[in-house]
Amino acid sequence: MKSHRDAEDSARDPRKLIAQLGTTGDELARTLGLDKDATRRMESDDNQRRIGSMREVLSKVEPRFGSMIMAYTWYRSEPLSGFSGQTAKELVRCDRVQDVLTYIDAVDAGVHA
């Protein structure tokens, strides 16, 4: 059984996230708006905040898409209605994670933005 600390360490490990998303370190860094060497510095508070925000959105939409990889594809490429064609990725990079979560809740409730 995994302890809370094990789960937290797993969540902070960029290699596990990279594997889970079926991507590369360079792509993850670009998605997060970081330089390509940033995956070596993922422990910084700012990088962990960005990863946490992305994980929060992905976890919320993963059930809808059936896999984390499909959720990640949506996150990076699907323009959200009502946000001038911006994707969840673009909004989260601008510290608008709450707007994305509110949008997802509205869609889940049957309200189309």
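Start by selecting Phe83 and Tyr103: both are buried (under 20% relative accessible area with a 1.4 Å probe, protein chains only; over 50% is exposed, and in between is partly exposed). This is a predicted model, in which local features need pLDDT of at least 70 and side-chain atom pairs count only at pLDDT 80 or more, while totals for chains, interfaces and linings use all residues. Residues are numbered from 1 along each chain as its sequence is written, and side-chain values use heavy atoms, leaving out hydrogens and water.

Now look at the rings. The structure holds two aromatic pairs, where rings of Phe, Tyr and Trp (its six-membered ring) have centres within 6.5 Å, and planes under 30 degrees apart count as stacked, over 60 as edge-to-face and the rest as tilted. Phe65 is partly exposed at 30% relative accessible area, whereas Trp74, at 10%, counts as buried. Go back to Phe83 and Tyr103 for an edge-to-face pair, 5.9 Å centre to centre with 75° between the planes. Phe83 sits in the loop between H5 and H6 and Tyr103 in helix H7, so this pair links distant parts of the chain, 20 residues apart (helices are DSSP runs of H or I, at least four residues, and strands are runs of E, at least two, numbered from the N terminus).

Next stop, Met54. Together with Val57, Met54 has the most contacts inside the largest nonpolar core, a group of 27 residues (buried Ala, Val, Leu, Ile, Met, Phe, Trp, Tyr and Cys joined through side-chain atoms within 4.5 Å). Colour helices H2 (14-21), H3 (25-32), H4 (45-65), H5 (68-77), H6 (88-93) and H7 (97-108): each supplies at least two residues of this core.
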